[in-house]
Every structure is written in C-alpha cells, then in structure tokens.
Amino acid sequence: MADNDLKGEFLEIVRSAFERSEKLRIEGSGTKSFYGNPVVATPLDVSRHSGIVSYEPSELVITARAGTRLSEINARLAESRQMLGFEPPWFGGQATLGGTIACGLSGPRRPYAGSARDFVLGVSCISGKGEYLAFGGQVIKNVAGYDVSRLMVGALGALGVICEVSLKVLPQPEVETTRVLEFDKETARAQMVRICKLPLPLSGMSFWGGLLRIRLSGTENGVRAAEQTIGGETDETGVEYWHQLREHELNFFNRNQSLWRLSVPATAPVLGLGDDCLLDWGGALRWIYTDHAPQTVFQTAKKMGGHATMFRPDNGWPNGRFSALDEPSKGIHMRLKSAFDPKGILNPGILYAYV
Amino acid sequence: MESATQDVQIRDQLATELLSIVGADAVVTDNEALRPFECDGLTAYRELPLMVVLPASIAEVRKVLKTCSRLGIPVVTRGAGTGLSGGALPNPDGVLLSLTRMKRILSVDADAKTARVEPGVTNLAISEAVKHLGLYYAPDPSSQIACSIGGNVAENSGGVHCLKYGLTVHNILELKVVTVDGELLTVGSEALDSPGFDLLALMTGSEGMLGVVVEVLVKLLSIPPVAQVVMAAFDSVERAGEAVAAVIGGGILPAGLEMMDSYAISAVEDFVKAGYPVDAAAILLCELDGHAAEVEEQIARVETIFNSQGATGTWVAKDRATRDRFWSGRKAAFPAVGRISPDYYCIDGTIPRRQLGKVLVEISKLSNEFGLRVANVFHAGDGNLHPLILYDANNAGELELTEELGNRILELCVEVGGTVTGEHGVGVEKLRPMCLQFEDAVLEQFHQVKAALDPNSLLNPGKAVPTLARCAEFGAMHVHRGQLPHSDLERF
C-alpha cells in the first residue's frame, strides 16, 4: 500500500458535509463492519490515507496514518523485533490502524500488557465541525491538555475521523511458550485467578474445550522457571492457538449464531447463560452463544460487574449492540458528542441512538 | 458598594449552607486558618479562598457541589497539596474543597488484585496496606508518602517506574466522580473495559476541571520477587543518551532508567555520599525487576550494552543496601541542588529520547547565554527531563530571567516533538507554554470538552487550558533556599 496523505481531501469532505448536515459513515477496509450499530450514511473511505509517518525503534513509538494496514505495521515493527503490545485482532488481512483504534479491541495479551487505549500516545483527527485537531503527541509521558487521544479509542468514529495515530510499542519477548492443563470450567477459572496472583511473565490465559492454556513471554530463564511453577505440558500448537483465538478462527467461533462478548471481572463465577462459552483474558473476557433474550444477557453481565456486547450478530439484529448507559453517563455522552460533532454527522447512532 | 454587600451576603449564605452539610469543624473561614491552604507545592502562587470545606463522605461532597452550583461559586478541589503546577491554587471567590478527611481504604480484593479507596488515601498507604498479600500499587511519584490518590488521578501521576508499569491511567479501573451539579457518576468498572466513550481516560489527568474524584478502584500488581540496579558512568551526556537508546532498542524494558549530569552528580555526592563517580559527565541508573533468573540475565546484558556504548565504569548493586544507596542519590537530587543554590526552578518537559543529545547541548548553550547554571536530572527511559535552573531570587531580575530561560527550554522541548509537561501538570504554571504546544483549534476543543461537563466553568476555573484571548502569565516553581512546602519529601 503506497504512502498517501489524503487528510486535505477528508477535510474538504467533512467541512462540506458539516455545511450541508450530511451524515457520514467512516470506513476503513471493512474488516470489522459487523461491529457496532448499523449506520446509514454517505461512506467516507479512509483506507487510502496510509503510510508509516515515523518509527524510531529506540523510542518505542510508531506513528502511522489511519489507513495503514496492520500487516504493514507489524512487518515494520518485526524488523526491529518489536510489536503492538495489545495484540489487536485483525479479522481480515486488510485491517487498518484507524479501524483498530476506533474499535478499541485488544487481543489475548491485554490483561498483562495493556489495551489499545493504554498504548495510544496521540491521535490526529477531523472533528464533526471539519477541523483538523492533533491531540496528545509522540512521547510516553505527556499530561498537557485533556486526554482526548485515548477518548477516541473505542469511540467508533463518533467523535472524529481518525487520521493519524501514535502508539507506544513493545519489544518482542525473546521466548514465548504455552502450557496446557486439563480442567473443568469452574476449576479452570479459579486456577486462572490463582495463577494471576503469582509474579509470573504471563501473556495469555484462555480456557476452551476442557483445556486451560497459559502463555508465558520473557527471557529464556524467566520463562523456563515459570513453566516449572505452572506445571502441565507444553502446547506445541500454542502459537497457532493464540493466533486463532485472536482472529476468531477457532472452531468455537465457526457458528451461524449470534456471538456475545462479555467483559466482566475475572473473579465473577461462570454465569448462568448456558455452557457455550470460551474464556480469554484470564476469565475477564467471555465469548458466549446463548438463546437467552438480549435483556437477560445485558442484565446478567451487569450483575457480574461488567457489560455485554452483541459482538457479531448472525443476521438482522433489531436491538442495540451495547449495554445501556446510566442517566448521568448518557448525558455526558450526548454533550461530548455535541462538543466534537455538533450536527451529529459522524457515524450517527453507531454506539447508541443518542450519540 | 452594592455588589460588595451582595458578596458578603452570598458568602454568609454559603458558609451557613456548608456548615449545615459538613458541620462547624469542617468549614474554615478565618483568614489565619485559611493560610495553610493558600498554595500547593508551587509556592510562587498564593491566594486565599473564600473558605475551605472538608467533607467526609460522598454524600457531603454531592451536597457541597449542589450548593456551590446553585450559588455560582467556583470550586477548587485539593488533595494533599503536593502538586507542583498550582493545580490546587485557591480561587479568591471560591470554595477550596479539601478531600483529606476521605482517607479510608474501603476494600481490598486479593483475588481480583484491586483496592477500592477514598481520594484522600496516600499513594504509599495503598501499597503498604496490601504488602502482606504480595501486592502493590505501581505508580510511585516521588512524593508518594504524602500525595493522595485523588490528586494522582487528577494529574495522571507517573514516577520512576512508568516506562514499564505505566501512569495512573494504566493502573486504575473505576472512578466515582461527583459532577459540578452534584450528580454521582461512575466511570470504568471492575471489568477491563466499559461500554461507550472512555470517560475513565478523559477524567484521568483532567486536573479537577471536569469533576471531583471521590472514589478510586486501583489495580494492584504482584510484587516482583527480585529487583536489581546497575549504574554506569559516561564521559559525555550524548554518549549516555545513546546508551539509553541502545538498552531500549535492544529489547529491554527496564523498571526504571534514570540519568544525571555532572552538575547534579557532584551536588548529590556532596549531600548524600551515594558513591557516584564524581568525575563522570553523566551517570545512568538502570533498574530491572522480575523473576530472579530473568533479572540476572538482563542485568548482565545491560552491563554489556553500557560497556559497548563506552561506559567508563559500571557497578551492579549486589545487595539491597547498595541498591538503596544508588537510588538515594537520585531521589535526593533536588534537595541536593537546593543546597548549592539559593533558589532553583524546575522544568518538566518530555522529549523524544533521540533528541536528548541535541536538547542537552542547546540547554547548555542557553545556560551560558542567560548566565544561569542548569543541573539536569531525567527519567531518561521515557524522555522526561527535569532541568533545574539555579538562581538567586534576591538578585534583582534574576527570577524573571530564570522564567524566561525555563520558557525557552520548554519551547525547545516542543520544537523537537515533545511536550511542556511530562508529569507535573499544567495547573497555572504552564498556561503560557500550552499556547506553544497546541493549535488554537485544539485549545478551543479542550474548552468545549470542559463545557460539556462544566458549562458554567465552576470547577477549578482558569487552570490547565489557556484561553485563546490571552495566554496567561508565565509562572515559576519558586523554591527559595530549598524551602518547598513538604521540603522533607523526596521529589521527582
């Protein structure tokens, strides 16, 4: 993908849309178009705005345009034995940086290394008023101004068209290995909570199909010592497992049924939504198929101290995708939306009807 | 005259209402009793508030804010008052809301590795309360024995271990926040993410401008079994800077990586006898933590890297006592400089690490040009510079000259792609350099974010974001003869 700076073009489009109150649907490569409430509006394709703007391995910082493919970023980082610490899911080879940040999704490494928003240092975007705004910066420690860069993460484009992102990156671990142990689900969950309390170089803990997999990352000696502590056996297919988990390519995900995502405290007991469940994030992320009514799923997740998302609906899903906000939060969401996008032209309704 | 009478009336009404909420012992109106609240750690700015109110519960904070909102009275929230940018400077027409009475650790969940605390709990008290569980709270600003967790959230505080463990924003899960109109808002949750916009990120580091933090759910980490320190000496600061880049580029993420230049080294050595090589142009202190096997491997690699980068000497702290001694020097750097100069002024810029050599040369040139000495201590791992300008406030014009030099150094930080504040916050001190760093449209957007949460600008008005009309006067961290408030605290 060639380097291409199209922000001038986007500015014109958004300004003109603002003047005409024309609604826009921001699109990358469409790999995550299933995510969020449907938006009916004029498409704004940002996937051609691409290229790595700067990358200095000794700074642990990379800056790239929104349309830059994750494949390009990963390849570039790998040359210096570095990586994106939050292990973002791609859901397709053309996944872009902008889409990744707008969705704010993080992979199996998230509880141990941090989330997409944790690694964001700066975001430049175009507001719904058609202004190009550069928030944050390219340094790790920066407390000047409100942290709007991180506010953009997971906002699904509702606050601005993301044009450029600066991320902190991490060194690749020298050694990575996976241990596998057999458990029933409730024991596995308790084991994950127990293991998480130990000072170990953890980088993934997932349970599916009666097997608890624990990924360890670090130096040779550190990882070997941790293997002794954890026990079990080496999973020779570990690399593949974590990749397939991240990409939803495991058999578990190969289903013509709506997929729920529950983000809950790892300590919450396995809930009564049926047994069709895969645990990631040491038990804090639970992928579930259930026939229960959406309201029951949302309420159960809330009782567990977390929230639910209708992540990938099977077909025409009439309900909202995200857990409802309480009244004070709802008011703040509406006023923030209006502060960035007063006419509501950017991805209207993608999060909630009122945003 | 009429408006003066009105002011008195409003003041009396406010005092009466606040008394009925929190009780007589929790409202301060007497001028002498107000005096200790006139400034925070930035003593160059002082102001007496109308009154101080010290609520003891969330319910009381909500009532106080409802009252102030209704009467249109500004509210400045204060934690321990250790901040260094004047973020808690009182408003002369407003209430100073001190949260020091809300200092309970509400619960600790060892399985979830979390602690729920009130905002007035000190940073260090959290780690102490969970130590027996093998856990700790990672962010460790140097004032950690006194600074409060509520203040840490307001400033998004860091510390020497941020490169590996992150800032406050990376180490909290949930906040309870009282809005300007007294509503109780929960942002974040016990889970790792939440639906909607990331208000937790927005609130963190917002310097008391968007709401009042009344409860914090912090994330706890397992205490690393082993921590070790290696020190290295270099004959130029540029070479030391390159060694920092070589360590990070070499795939090592140290728990802490600190640098001091020769001026700081000799000041420190005279003061605490940390065993630093006084003939070095710069030293690096690199701490690694984790499993014993891992740390041993990495310490050896860091030592090799330092040697290959031309270190004139390296020393590995073999025991706890030596490690503490190495760190004692770094932690005492500010008081040590305070001993050799009547006054000093602290800068808090961050730069991309690769610019370190260039920036140091420029600072040295500026130092000569202004005829003021500058000692440099850095959180080198994350590029956060604390140049200390040495001056004497008793010499006419020297403070102004110092402020101008400080401004030039911050300009330099922005020029090379950095920021005007890495960890101390903007407060009132850095309003002017904020204008350097951000475009007008961005500053305007910040004001609109503020208006979305605080439409009448009653929360900490005038701080953190300069108005477009006029960038505020440039201030200074004025430290006269080493006399900071809380001068017994370790700093930076």
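Predicted model: local features only at pLDDT ≥ 70, side-chain atom pairs only at ≥ 80, totals over all residues.
The size of an interface is often given as the accessible area lost when the parts come together. Chain A and chain B bury about 6,300 Å² between them. Carbon and sulfur atoms account for 61% of that area. The contact draws 71 residues from chain A and 80 residues from chain B. In chain A, the residues that lose the most area to chain B are A:Lys141, A:Val143 and A:Tyr146. Together they make up 16% of what that side buries.

Polar pairing across the interface was considered next. The rule finds 29 residue pairs in polar contact between chain A and chain B, with both residues at pLDDT 80 or more. On the side of chain A that touches chain B, helix 11 (residues 327-340) of chain A gives the most, with nine residues. That side of chain A divides into 37 nonpolar, 17 polar and 17 charged residues.

Side chains of opposite charge can pair when their charged atoms come close. Over all chains, the count comes to 45 salt bridges. Between chain A and chain B, the count is seven. One salt bridge pairs the side chains of B:Arg354 and A:Glu59 at 3.5 Å, N to O. Another pairs A:Arg261 with B:Asp193 at 2.7 Å, N to O. A:Arg261 lies in strand 14 (residues 259-263) of chain A, and B:Asp193 lies in the loop between strand 9 (184-188) and helix 7 (199-203) of chain B, so this pair joins two chains.

The axes of helix 8 (residues 220-230) of chain A and helix 10 (residues 292-308) of chain B come within 7 Å. They cross at roughly 175°. An angle over 145 degrees counts as roughly antiparallel, and the two helices are therefore roughly antiparallel to each other. Helix 8 of chain A contributes A:Glu220, A:Asn221 and A:Gly222 to the contact. Helix 10 of chain B contributes B:Ala293, B:Glu294 and B:Glu297. The residues of this contact divide into one nonpolar, two polar and three charged.

A further helix pair lies within chain B. The axes of helix 9 (residues 262-272) and helix 12 (residues 333-340) of chain B come within 8 Å and cross at roughly 90°. That angle makes helix 9 of chain B roughly perpendicular to helix 12 of chain B. From helix 9 of chain B, B:Tyr263, B:Ala267, B:Val268, B:Asp270 and B:Phe271 take part. From helix 12 of chain B, the contact residues are B:Ala333, B:Pro335, B:Ala336, B:Val337, B:Arg339 and B:Ile340. The residues of this contact divide into nine nonpolar, no polar and two charged.

Notes: Residues numbered from 1 in each chain as written. Chains lettered and ligands numbered in written order. Heavy atoms only, no water. Axes fitted to C-alpha atoms, helices over the stretch in contact; angles between N-to-C directions. Helix = DSSP H or I, 4+ residues; strand = E, 2+ residues; numbered from the N terminus. Parallel < 35°, antiparallel > 145°, perpendicular 65-115°, else oblique. Contact = heavy atoms within 4.5 Å. Nonpolar A, V, L, I, M, F, W, Y, C, P; charged D, E, K, R; others polar. Buried area = accessible area lost by both parts, 1.4 Å probe. Salt bridge = Lys/Arg side-chain N within 4 Å of Asp/Glu carboxyl O. Polar contact = N/O pair within 3.5 Å; in protein donor to acceptor, adjacent residues only side chain to side chain.
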